[in-house]
Amino acid sequence: MTPAASVAIMVDFIEQFFHSSVMLDALAPALFIAFVSASISVMILAHRLSFLTVGVSHASLAGMGLAVTFSLPLLPTATAFCVGIALLLASLPKKRGITEDTGTGILFAGSMALGIILVSQASRNDVDLFGLLFGNILTISTAEWHWLLLIGSFITLIFLWLARAWWSIAFDPITAAASGLPVSILNLCLYGTVGLAVVMCVKLAGIVLTTGLMVLPATCAWLWGKSLVSLWLLSIMFACTATLIGLMISYAYDWPSGASIVLTLCIMFIISWGASWLTQQQKR
Amino acid sequence: MASVDAAQYGAFTTTVNSPNLALVAPIISLSHISFGAKKDPILQDISLALSAGHFMGIIGPNGAGKSTILSIIAGLIQPRQGHIDLFGECLTRFSRRKLLKNMGYLHQLHNSELHMPVKVRDVVAMGLTEYASPLWQPIHSATHHQVAIEEALQRVDMLDLISRDFRHLSGGQRQRVRLARALVRKPKLLLLDEPSAALDSKQQQKLYTLLRQLCDTEQMTIIMVEHDIAAITGHVDSVACLNRSIHYHAMKGEQIPEDIWHQMYGENMHVIAHDTSCIGCNHG
């Protein structure tokens with residue numbers, strides 16, 4: 001195949017992708033979720049909260065199980081449950097033998113067990129288990145999109161407002177506290193915001209893959225960024241590019257959308273890491 | 001076996017140069033501060049008042065409560081008993097944030113800073129009271145902030161490295177940047193916990209000279225915890241000998257009695273006098 005023919009096939013594919021109503025409906029919510037998760041991703045890496053995202057995303061299954069059992073709206077119930085779990089983890093007494101990772105492990109397992117029992121009792125039509133576990137942005141309803149828009153805008157506003165304070169606490173919590181910053185309250189806000197962001201990501205990448213979306217964008221950016229703002233912008237760039245490419249791959253090969261996006265992010269990280277290593281070698 | 005250069009400290013014959021405390025309101029006043037369990041207190045009945053421009057060194061053995069007293073003054077921990085006045089106002093949970101704006105603090109624990117990509121400029125900016133403002137209010141574009149950051153770095157001889165990644169600096173350079181962060185807000189009260197750690201002897205002397213200058217020209221009050229009394233002796237106005245309680249508060253030129261050293265460090269020490277027979281001593 002000549003290069004010109006390859007380009008023509010590519011252009012044809014892109015045209016088809018952008019004319020697909022299913023993909024067009026999913027594109028804006030997916031990019032919006034990528035933008036929000038990429039922003040919070042920077043703070044997750046700075047505060048080393050990767051395991052918290054694993055815990056909270058798995059705990060969301062219990063929230064969804066409760067929603068299904070008691071016929072409550074799915075996303076708002078899951079949102080309230082995730083934020084509750086995240087705040088509970090933030091306020092655990094850390095000096096009484098329960099370290100943060102132990103607490104996360106306990107709540108993660110307990111909520112997951114509760115979720116599995118509740119979901120197993122619901123009828124098969126009520127729950128799209130595959131969608132919950134691995135995400136399916138292609139089935140997003142208008143009501144869900146509006147809900148995501150609302151919490152996503154709220155997260156972005158909180159991020160812009162508190163990013164520097166969170167950054168300063170991650171760098172040196174003692175100096176931040178001695179400067180007069182209310183460190184405990186700010187940490188509580190961070191955990192709550194991470195809980196909110198997790199719910200958004202569950203819609204795109206599912207319970208199992210959410211951590212990938214919450215950790216990988218900033219991890220890619222970490223290799224190149226030199227300051228909070230540059231890390232934030234790079235993280236958004238990586239997340240949005242991976243989301244677009246992932247959705248295209250999902251469309252082309254009929255792969256699950258969430259898994260395609262997370263896999264693209266993983267490949268981006270490997271390329272980014274390799275390029276960063278090469279750059280450092282050249283400098284030497 | 002510990003040895004303390006007490007004779008060198010006592011060699012000064014000048015009178016106390018701090019202003020009369022009865023006439024000038026103290027910058028800091030501690031009255032009957034106790035901390036820790038009643039049966040086994042970490043600090044017991046500490047009372048102290050320092051006026052503007054006073055430079056006090058705190059010495060004492062490991063576990064004497066030196067860092068604890070700084071943490072209490074910095075409002076990081078609450079004393080079990082006692083009262084603290086800063087700048088003529090009582091330090092409470094409500095007044096804390098306002099009062100800490102006039103205080104700089106350099107502590108000893110620096111565990112989390114090295115995993116984040118932060119430029120030297122940004123580390124110093126974290127010391128500004130306005131740093132935690134929202135992301136839509138740029139810090140570095142404000143000229144007065146820029147000037148303050150450069151001035152603080154100039155003071156510690158680190159201006160040339162303003163754009164460097166903090167992680168790529170040596171231990172001594174990092175310590176100087178942390179000191180610049182404590183100085184950037186031009187505090188009235190500066191708390192330093194072993195600031196000369198990681199500094200070579202030349203930088204150590206430069207640091208003490210700078211601190212002396214800040215007390216004399218800008219009327220900054222400094223409380224500094226140090227182990228090496230011989231190194232600070234020519235610079236401070238007074239030395240507090242701390243081991244749970246203040247055993248002795250010696251003003252410049254005053255000899256610390258030998259029994260005080262034994263009370264603080266136990267019997268496993270010798271107080272040595274320096275004379276011309278000492279090898280390696282500079283008797284000027």
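This is a predicted model: local features need pLDDT of at least 70, side-chain atom pairs count only at pLDDT 80 or more; totals for chains, interfaces and linings use all residues.
The helices cover residues 21-46 and 183-222 of chain A, and their axes come within 7 Å of each other at roughly 65°. Since 65 to 115 degrees counts as roughly perpendicular, that makes H2(A) roughly perpendicular to H9(A).

What sort of residues make up the contact of H2(A) with H9(A)? Sorted by class, there are 21 nonpolar residues, four polar ones and one charged.

## H7 against H9

H9(A) also packs with H7(A), the helix at residues 142-171 of chain A. Here the axes sit 9 Å apart and the angle is about 145°. The crossing of H7(A) and H9(A) is left-handed.

On the H7(A) side, the contact includes Leu148(A), Ile151(A), Gly152(A), Ile155(A) and Trp166(A). H9(A) brings in residues including Leu186(A), Cys189(A), Leu190(A), Thr193(A) and Met200(A). Glu144(A) of H7(A) and Lys203(A) of H9(A) take part in the contact too.

## Where chain A meets chain B

Across the chain boundary, 22 residues of chain A touch 25 residues of chain B. Which elements of chain A give two or more residues to this side? They are H7 and helix H8 (173-178). H7(A) gives the most, with eight residues, and this is the helix that also packs with H9(A).

As for the makeup of chain A's side of the contact with chain B, 13 residues are nonpolar, six are polar and three are charged.

Terms used. Residues are numbered from 1 along each chain as its sequence is written. Chains are lettered from A and ligands numbered from 1 in the order in which they are written. Axes are lines fitted to C-alpha atoms, for helices over the stretch in contact, and angles run from 0 to 180 degrees between N-to-C directions. Helices (H or I, at least four residues) and strands (E, at least two) are DSSP runs, numbered from the N terminus. Angles under 35 degrees count as roughly parallel, over 145 as roughly antiparallel, 65 to 115 as roughly perpendicular and the rest as oblique. Ala, Val, Leu, Ile, Met, Phe, Trp, Tyr, Cys and Pro count as nonpolar, Asp, Glu, Lys and Arg as charged, and the others, Gly among them, as polar. A crossing is left-handed if the near helix is turned anticlockwise from the far one by less than a right angle, and right-handed if clockwise. Two residues are in contact if their C-beta atoms, placed from the backbone, lie within 7 Å.
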